[in-house]
Amino acid sequence: MDLTGMLSQMLTSGDALGALSEKTGISNKELTSVIDSSLPKLMKSLTGNASTEAGAKSLLGALDQHN
């Protein structure tokens with residue numbers, strides 16, 4: 001399984017999906033659809049950003065802001 005699939009599985013199973021659904025007010029089915037359609041695009045953008053030294057530093061800086 002690829003990273004996108006693993007993230008999707010983690011976010012759409014068990015307590016994580018219920019917590020996200022409760023917090024956003026979106027049904028589990030709709031939320032699963034949003035996650036499954038958004039993750040590949042997000043991962044593609046992150047990969048593109050991290051493919052350059054400047055982009056990777058920027059991404060690391062953003063991640064450091066959200067411990």
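User: How many salt bridges does the count come to here?

Analyst: The general idea is that side chains of opposite charge can pair when their charged atoms come close. The rule asks for a side-chain nitrogen of Lys or Arg within 4 Å of a carboxyl oxygen of Asp or Glu, and by it the count comes to one. Keep in mind that this is a predicted model, where local features need pLDDT of at least 70, side-chain atom pairs count only at pLDDT 80 or more, and totals for chains, interfaces and linings use all residues. Residues are numbered from 1 along each chain as its sequence is written, and side-chain values use heavy atoms, leaving out hydrogens and water.

User: Which residue forms a salt bridge with Lys57, and where do the two lie?

Analyst: Lys57 pairs with Glu53, their closest N and O atoms being 3.4 Å apart. Both sit in helix α4 (residues 53-64), four residues apart, about one turn of the helix. Helices here are DSSP runs (H or I, at least four residues), numbered from the N terminus.

User: Is Lys57 buried or exposed?

Analyst: Buried means under 20% relative accessible area, exposed over 50%, partly exposed in between (1.4 Å probe, protein chains only). Lys57 is exposed at 56%, and Glu53 is exposed at 60%.

User: And Ser21, buried or exposed?

Analyst: Ser21 is buried, with a relative accessible area of 12%. Its place is in helix α2 (residues 14-24). Leaving aside neighbours within four places in sequence, Ser21 is in contact with Ile26, Ser27, Asn28 and Leu31, contact meaning heavy atoms within 4.5 Å.
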